[in-house]
Protein chains: 4
Amino acid sequence: MQPRAARSARTFTEVTRRAQIVQCAADAMAETGYARASMAEIARRAGIAKSVISYHFEDKNELMQELISTAVRAFSEFMEPLLAAETSADGKIRAYLTGCAEYMIRYRNLHLAVLEIAFNALGPEGQPLVASMPFEAHTPTLEQILRQGQKSGELRRFDIAVMAGLLRSATTHTMVLALRADSDLDLAAYAVELATTFHLATTAHVAAGE
Amino acid sequence: MQPRAARSARTFTEVTRRAQIVQCAADAMAETGYARASMAEIARRAGIAKSVISYHFEDKNELMQELISTAVRAFSEFMEPLLAAETSADGKIRAYLTGCAEYMIRYRNLHLAVLEIAFNALGPEGQPLVASMPFEAHTPTLEQILRQGQKSGELRRFDIAVMAGLLRSATTHTMVLALRADSDLDLAAYAVELATTFHLATTAHVAAGE
Amino acid sequence: MQPRAARSARTFTEVTRRAQIVQCAADAMAETGYARASMAEIARRAGIAKSVISYHFEDKNELMQELISTAVRAFSEFMEPLLAAETSADGKIRAYLTGCAEYMIRYRNLHLAVLEIAFNALGPEGQPLVASMPFEAHTPTLEQILRQGQKSGELRRFDIAVMAGLLRSATTHTMVLALRADSDLDLAAYAVELATTFHLATTAHVAAGE
Amino acid sequence: MQPRAARSARTFTEVTRRAQIVQCAADAMAETGYARASMAEIARRAGIAKSVISYHFEDKNELMQELISTAVRAFSEFMEPLLAAETSADGKIRAYLTGCAEYMIRYRNLHLAVLEIAFNALGPEGQPLVASMPFEAHTPTLEQILRQGQKSGELRRFDIAVMAGLLRSATTHTMVLALRADSDLDLAAYAVELATTFHLATTAHVAAGE
DNA sequence: AATGAATGAGATTTCATTCAT
DNA sequence: AATGAATGAAATCTCATTCAT
């Protein structure tokens, strides 16, 4: 039995199964929470035996990692064109906020699952399993946007780490809570309101008026 | 069966033990995460037998509830005088932000534990165990502050729910992530920066300058 | 601390407490079944601390034994005059059957508790805790009655052990099931019907008619 | 969650294992009593891990229910041809009594286990787990036999419920006590003696002789 | 004589994982 | 590539019992 990692490429079946399992895992976590998203529950949703998961993934951690990677990839592919389409820092921030809302609507369960994992899963030595979450994967980009905006004079002076953190918390936290509660909060409208707030808080002429 | 309170008042020993157990539970959760904070681990930290916990608490849920109550109480007692000392809406917002930072520094583990519970713990029927978290206990107050600020003309027009959510996410989420990562981020300085940002985003003359 | 057994006589308080605990134990077992009649439950019903039971009884087994003894004593004191008042074997059998019914009505919980113990409780080595149950305490008497009835020609020839067993099962089992189910079966009427049946099954002229 | 039967049919292995576990459970209960027949003890006897039982049975209740079902089925299959072979009421009663004795000899532990469960096991809400026991499954039949015997004039007038109860107690109770005590009482001979007694107590010409 | 506090053994159940087929 | 079967560790909770006061 050749170890999994040794084989060079994955077959079509394997790729498909892995994707299916990841999706079922995401659904299970989003709907029942991390604690109840056992291997058995995930397998049940996928209509396969538990051991099929073990066959395709080294262990539960690898499944979680794959789920995270999938989400990070999805977020990047989703967000990059949106950011690229904007030229001003102000526009990019607005694109980031509204883009996050749309991403969360489209990939609801996947993103909720990431949160569940981030808050719950621990590696074998107890360290958190997730270092970088989807949104945080773009932290450099976000900080870069703010930095360039300040350089060009478009944005006022502020602590970039703080403002970037605030932007991310506005999405990761507030929006996600809304998602979780299955609330009827209109995420899109919410994002627009947020955009205005950040426009006021960051643009230079505002600071000038101070 | 019979509610604890119905039988009699708590003895000194009991009060002390319960507090100790709650503290050890908070430490365990903050340090190892909810999943690893088993009764055995909590007992180990307290240097007592597992069954001592069962003796003092009906079950794990009651322990969690007591932990939450402790945190909510601590937060309220901590925050109320700070808010009362300010008269302007702007001042109250600043007090809220800096107060949260100080609270989190002082009650670090307790607060992290509340987050763990809020995100993880499920009741017997699978419903989330925690409805209101410490900060959310003050949501009405927060929204009240914003509303009054708008009425007096001190604050510009904005969606109160969005801004209150943003304020809370700025504390609950961003600060907490910092706490969790055991980062050397200076929470106090962070709060000051946040205060400026929110000052700009909310005060009326800013909106006028738009 | 002098071992319990060493002290010669029991104080008034002790006798009273023991009786109270036995009664509460009987109630608990009759109402909730053996498995739920824990020391804690018994103490709760008595309004005392668990350790009070330990103070008055060596261990749970001793409490059970005392309960059994109490029931056996009660049954004997109840039944003896009834049997003594009859002279014929036939009369004694009728007295036994109706007497059992009355005893069970009067000492309902105590007797049900004995059954619970008989069926459930095991000694430290796994042997049944109860060798002789109240009714069985009178087996010799019962067999003696039958034997004398046969000797005097009043009763037909039959296997004495079988008939005695049948008499006891008619009471211990059938009546008790009725008690347990809290049925509205009229135990007294039941006993009368049983008496007729046994009259027919045992008296000599019946056998003659065969 | 999903009922076992809904998923698919049982494999050969599963059927075999379940039967083995049921048998070991019966042995454990018959030999050590309900309280000591823990999952661990049952697994030990079967030479398997505790969790194998959990794998094949939802929980302990399901195992108990399966054991009961097995016994009820065995009793029915055993008794039905015996009763069908007799035409007279008197013959059917004799067949019932001797049949019970043979059944208990053949299925000793299984039947003792049923008794243990009936007397001890409580469902999650404290209600008794077993409503109908093997013998009681045939109560209607028994009462029907007596009723027809009275109608045809073969049997004397008596209270049918009382007599049926007596017949059942004669088997369930008396015989079982004998079984339990591991006595050397010859059950078969016992049954013959019982049959005579009931013949005398029930047949019409006896009543006529009165 | 009584109590509150503490203990350790043991019960049921869940779960990720492994193995033979 | 997939499955059913089995495992052992660990989690929560209950209980009879003991001990210091």
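Of the atoms of DNA strand F that lie within 4 Å of the protein, 59% belong to sugar or phosphate, and the rest belong to bases. The model is predicted.

**Surface near DNA strand F**
- There are 32 residues around DNA strand F, of which A:Val52, B:Lys60, C:Lys60, D:Thr11 and D:Val52 come nearest.
- By class, this surface has 13 polar, 10 nonpolar and nine charged residues.

**Contacts with phosphate oxygens**
- A polar side-chain atom of C:Lys60 is 2.6 Å from a phosphate oxygen of DNA strand F.
- In the side chain of A:Arg17, an N or O atom lies 3.2 Å from a phosphate oxygen of DNA strand F.

**Aromatic pairs**
- Over all chains, the structure holds 13 aromatic pairs.
- One of them joins C:Phe75 and C:Tyr103 edge-to-face, at 5.0 Å centre to centre with 80 degrees between the planes.
- This pair links distant parts of the chain, 28 residues apart: C:Phe75 is in helix 4 (residues 60–84) and C:Tyr103 in helix 5 (residues 89–106) of chain C.
- C:Phe75 counts as buried because its relative accessibility is 0%, and C:Tyr103 is buried with a relative accessible area of 0%.
- In chain A, ring pairs link A:Phe75, A:Phe78, A:Tyr103 and A:Tyr107 into a cluster.

**Lysines over rings**
- B:Lys60 lies over the face of B:Tyr34, at 5.2 Å from the ring centre.
- D:Lys60 lies over the face of D:Tyr34, at 5.2 Å from the ring centre.

Terms used. Residues are numbered from 1 along each chain as its sequence is written. Chains are lettered from A and ligands numbered from 1 in the order in which they are written. This is a predicted model: local features need pLDDT of at least 70, side-chain atom pairs count only at pLDDT 80 or more; totals for chains, interfaces and linings use all residues. Side-chain values use heavy atoms; hydrogens and water are left out. Rings of Phe, Tyr and Trp (its six-membered ring) pair if their centres lie within 6.5 Å; planes under 30 degrees apart count as stacked, over 60 as edge-to-face and the rest as tilted. Helices (H or I, at least four residues) and strands (E, at least two) are DSSP runs, numbered from the N terminus. Buried means under 20% relative accessible area, exposed over 50%, partly exposed in between (1.4 Å probe, protein chains only). A charge sits over a ring if NZ of Lys or CZ of Arg is within 6 Å of the ring centre and within 35 degrees of the ring normal. A residue is near a molecule or strand if one of its heavy atoms lies within 4 Å of it. A polar contact is a pair of N or O atoms within 3.5 Å; within protein, one must be able to donate a hydrogen and the other to accept it, and residues adjacent in sequence count only if both atoms are side-chain atoms. Ala, Val, Leu, Ile, Met, Phe, Trp, Tyr, Cys and Pro count as nonpolar, Asp, Glu, Lys and Arg as charged, and the others, Gly among them, as polar.
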